[in-house]
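Hi,

Here is the structure I said I would pass on.

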Amino acid sequence: MIAEFGLAALWLAAALAAFQLFAGTLSLGKKTAELGQAVRPVAILQGVLCLISFIVLMVLFCETDLSVKLVAMNSHSAKPFIYKLAGTWGNHEGSMLLWVAVMAASGAVLALFERRLPERAMLATLAGQAFVSLGFYAFLLFSSNPFERLAEPPAEGQGLNPLLQDIGLAFHPPTLYLGYVGLSVAFSFAIGALITREVGPAFARAMRPWVLGAWIFLTLGIVAGSYWAYYELGWGGWWFWDPVENASLMPWLAATALLHSVSVLAARNALRAWTVMLGVVAFSMSMVGTFLVRSGILTSVHAFAVDPERGTFILALLAINIGGALTLFALRAATVTEGERFSVTSREGALVFNNVMLSAILGIVLFGTLYPLIAEMMGARVSVGPPYFNPMSAVFAVPMMLIMAVGPLLRWRRDNLTRIRGSLLLLVGIVVLSAITVTLIAVPGVLPYIGLSLAGALALASVLPLRGRKLLRTPLPTWGMVLAHLGVAVSLFGMASESAFSVEKLVALREGETTAVGPWQVTLSRVSPVAGPNWTALQADMQVSYQGGKAQTTHPQARSFWQPVQQTSESALLTRWNGQLYVVLGEEAADDRWQLRLWWKPFVTLIWYGGVLIALGGLLALFGRVASDLRRIVARDKIAYRRERQGR
Amino acid sequence: MSEAPKTAKWALWLPLGIFAGFVVLVILGLNRPADREVASAMIGKPLPAFDLRPAVAERPGISRDSMAGGKPRLLNIFASWCIPCAVEAPQLAKLAESGVEIDGIAIRDRREDVEAFLARHGNPFARIGADDVSSVQMAIGSSGVPETFVIDAKGVIRYQHIGEIRPEHVAMLQAKLKEAEQ
């Protein structure tokens with residue numbers, strides 16, 4: 001019964017979304033304004049119902065209800081509980097239901113709390129949200145019903161891709177989805193603003209927390225995904241420019257640009273049309289990303305849940321949503337009045353530069369991701385890899401980071417560089433010193449060279465905006481900016497250090513033999529079989545010591561899953577403050593030797609710590625913005641209350 | 001200096017134009033036949049003259065003259081940074097095991113990366129040349145990695161396989177090699 005209950009909730013939610021669109025659109029006309037009062041409650045109810053539907057699916061997966069087709073196809077009773085739960089969204093239907101549920105919940109939160117926007121803009125926004133949701137409801141209900149029953153329940157489920165049986169999966173996709181879908185709210189805001197022509201600081205302030213929230217989740221999702229691929233795939237790399245990685249990077253780039261331009265709009269009432277366009281583009285990139293992943297149109301190592309048939313459906317949704325939004329933009333943007341003016345040397349000027357660079361990188365990533373498809377049209381199959389992406393994106397990322405160092409030191413509207421020449425000279429001095437050091441230790445490769453030369457100065461520049469401020473009085477959003485920019489510097493240092501100083505070694509060792517990799521001594525003690533809940537493995541016991549220090553043990557495994565049959569390697573990681581030792585157990589070689597892949601990766605962890613810092617910066621900014629919004633609401637209510645009493 | 005010197009009207013349609021291009025592209029992509037033969041202009045022609053330095057220490061480099069003579073062989077265009085190349089490695093290994101001679105050309109690659117790639121995925125190659133600027137790749141009519149050519153005993157290109165060699169392609173390539181013996 002419970003599956004049918006979930007399906008019924010989903011249908012009801014879809015019906016409510018249809019009503020929300022209908023009532024929201026109609027109430028934009030003057031004569032039917034009363035209808036608008038129903039829109040907020042309906043949006044809330046729709047969110048609740050859709051969440052219930054998703055929870056029902058989770059319950060089905062936890063109980064391993066094999067009469068439900070989706071569960072039978074993707075789960076197994078022997079699977080550990082956490083992976084049964086995570087299995088809910090580890091497949092096409094479940095992940096799409098998660099998408100819709102998050103989207104509906106965002107709409108509900110919007111309806112509950114957003115009070116700054118003019119009512120008309122708010123109704124148009126909620127109608128836009130309902131419009132986008134409806135497409136996804138239709139997709140779920142007509143082509144990907146997650147609650148479909150089997151006439152004959154099988155005795156046992158078919159399992160789940162072993163690569164996905166990892167704690168990373170429990171958090172990676174939902175985090176990314178929260179980000180993707182959070183951007184849908186920004187998209188709806190942009191649509192609402194275009195329809196009602198209300199583009200200004202109020203619109204920017206209403207939109208900003210949503211952009212911040214989505215951006216935080218996207219950042220965390222990308223960081224988690226990168227780390228997950230790093231240790232689970234056993235290749236020792238942390239970014240592959242794989243289409244699916246790019247699919248999450250593109251909305252992040254657009255959201256980062258949007259985050260900065262929305263600040264200009266909120267503070268200075270400039271960049272109006274540009275901000276609206278980024279609002280449309282950011283969510284469009286989420287949908288394009290989802291399409292590329294789900295349709296299987298691009299060959300990808302990540303494509304766990306692909307289906308070309310469904311691709312057509314999502315494409316139709318894309319064409320309607322994005323095409324419609326961009327048409328609206330083209331028709332209306334010309335009527336959005338020009339914003340405030342500013343000089344090139346100003347905070348706005350730096351932010352515009354940053355926006356242009358981010359957009360350029362976005363374009364490069366999009367082109368590189370789609371290029372194999374273009375080439376295929378011309379009869380060639382190609383794989384576009386790091387030789388294209390790394391230098392091409394660096395061409396724009398390096399100037400962007402230079403401006404990131406200087407921009408926060410500039411004043412709004414108009415400034416000149418002589419005012420901040422002290423700081424500039426200091427920064428240039430540090431870059432020169434770093435470059436000399438890096439030259440002396442002979443770093444291979446241009447990009448690591450640039451990265452190591454810049455990282456120190458960037459780190460210092462990011463904290464310079466705090467100079468001369470009372471730290472406790474500094475607003476949280478400023479702290480957020482400082483932390484996020486510091487995170488960029490930290491991450492950059494990690495990336496540059498990883499590619500410059502990594503040591504890799506491939507050896508075949510007998511039990512008892514020792515080898516060295518970088519500063520580590522590694523001894524293979526023995527290799528023995530072990531068994532887990534739904535796998536067996538060969539496990540190596542290894543003794544490792546750093547520069548002759550105390551020995552630690554580590555256990556890389558080569559796992560064999562039996563349902564479905566697949567081999568995975570569980571790499572062993574030993575983390576020190578200054579880097580990671582990465583060990584992968586390979587095949588058995590001739591005469592009792594075991595193949596081992598060893599890496600010493602100095603400061604590699606900074607890549608992800610930097611990413612977490614960036615997200616933390618976003619969190620501080622979000623917290624600061626929401627807190628001050630709440631204070632403003634409370635203050636306004638107090639004034640209203642006093643007036644009322646005086647009136648009596 | 002103003003925010004934006006009055007954006008031209010057509011520029012506002014630009015995002016929509018780009019998006020329309022994307023849609024057309026993927027519609028074509030979704031409707032393409034799943035597998036098809038690509039007629040290469042180079043089939044039936046002799047290999048162009050080239051001479052590539054060794055890509056790794058333990059295998060010799062490769063030239064046109066070293067490829068002619070003897071029996072038909074495969075020429076595999078690969079790169080350590082190419083994911084489909086890793087996917088086809090087991091199939092190349094199987095072909096090598098069955099006695100097929102395979103030569104490789106590593107495209108825009110570094111020695112240590114190629115060595116790592118071969119160590120990880122096996123080394124089925126008799127010779128490996130390094131093509132740092134894709135010049136030989138272009139000259140033999142290959143536009144991407146991975147690609148695999150069937151070269152007959154006289155050094156004439158008999159067949160071009162585009163994309164990774166999947167398990168189902170192994171028998172087909174063996175048949176092409178047999179054909180090339182005549």
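A definition to begin with: angles under 35 degrees count as roughly parallel, over 145 as roughly antiparallel, 65 to 115 as roughly perpendicular and the rest as oblique. Axes are lines fitted to C-alpha atoms (for helices over the stretch in contact), and angles run from 0 to 180 degrees between N-to-C directions. Helices (H or I, at least four residues) and strands (E, at least two) are DSSP runs numbered from the N terminus.

Two notes on conventions. This is a predicted model, where local features need pLDDT of at least 70, side-chain atom pairs count only at pLDDT 80 or more, and totals for chains, interfaces and linings use all residues. Residues are numbered from 1 along each chain as its sequence is written, chains are lettered from A and ligands numbered from 1 in the order in which they are written, and side-chain values use heavy atoms, with hydrogens and water left out.

**The helix pair in chain A**

Helix 9 (residues 243-268) and helix 12 (residues 347-377) of chain A pack at about 160 degrees, their axes 9 Å apart. Helix 9 of chain A and helix 12 of chain A are therefore roughly antiparallel. Their crossing is left-handed (the near helix is turned anticlockwise from the far one by less than a right angle; clockwise would be right-handed). Contact here means heavy atoms within 4.5 Å. Helix 9 of chain A brings residues including A:L249, A:M250, A:L253 and A:H260, and helix 12 of chain A brings, among them, A:L351, A:L358, A:I361 and A:V365.

In the loop between helix 9 and helix 10 (272-295) of chain A you will find A:N269. Phi of A:N269 is near 55 degrees, a positive value in a residue other than glycine. Most residues other than glycine have a negative phi.

**The cores**

A nonpolar core is a set of buried Ala, Val, Leu, Ile, Met, Phe, Trp, Tyr and Cys residues joined through side-chain atoms within 4.5 Å. Buried means under 20% relative accessible area, exposed over 50%, and partly exposed in between (1.4 Å probe, protein chains only). The largest core has 169 residues, and A:W99, A:Y137, A:F189, A:F203, A:L318 and B:F22 touch the most other members. Helix 8 (residues 201-232) of chain A gives the most to this core, with 16 residues. Leaving aside residues up to four places away in sequence, A:F189 touches A:L110, A:E114, A:L117, A:T125, A:F203, A:A206, A:M207 and A:W210. Another core, of 41 residues, lies apart from it and includes B:F50, B:F78, B:C85 and B:I105.

**The chain B sheet**

Two strands pair if DSSP finds at least two bridges between them. In chain B, five strands make an open sheet with mixed pairing, in the order 5-4-3-6-7. Strand 5 (125-131) and strand 7 (157-162) of chain B are the edge strands, each pairing on one side only. From one strand to the next the twist averages 20 degrees.

Strand 3 (residues 73-78) and strand 6 (residues 147-151) of chain B run antiparallel, joined by five bridges, and B:N76 stands opposite B:T148. Strand 4 and strand 5 of chain B run parallel, with six bridges, and B:A106 stands opposite B:A130. Is strand 5 of chain B mostly buried or exposed? Six of its seven residues are buried, so strand 5 of chain B is largely enclosed by the rest of the structure.

Helix 7 (residues 170-181) of chain B lies across strand 3, strand 6 and strand 7 of chain B, at about 170 degrees to strand 7 of chain B. B:R108, in the loop between strand 4 (102-107) and helix 5 (111-121) of chain B, has a positive phi of about 45 degrees although it is not a glycine. B:R108 is partly exposed, with a relative accessible area of 45%.

**Strands in chain A**

Chain A has an open antiparallel sheet of four strands in the order 1-10-9-8. Strand 1 (503-509) and strand 8 (572-576) of chain A stand at the edges with a single partner strand each, so one side of each is left without a neighbour in the sheet. The twist here averages 15 degrees from one strand to the next.

Elsewhere, strand 3 (residues 520-531) and strand 4 of chain A run antiparallel over 11 bridges, forming a hairpin with three residues between them.

Cheers
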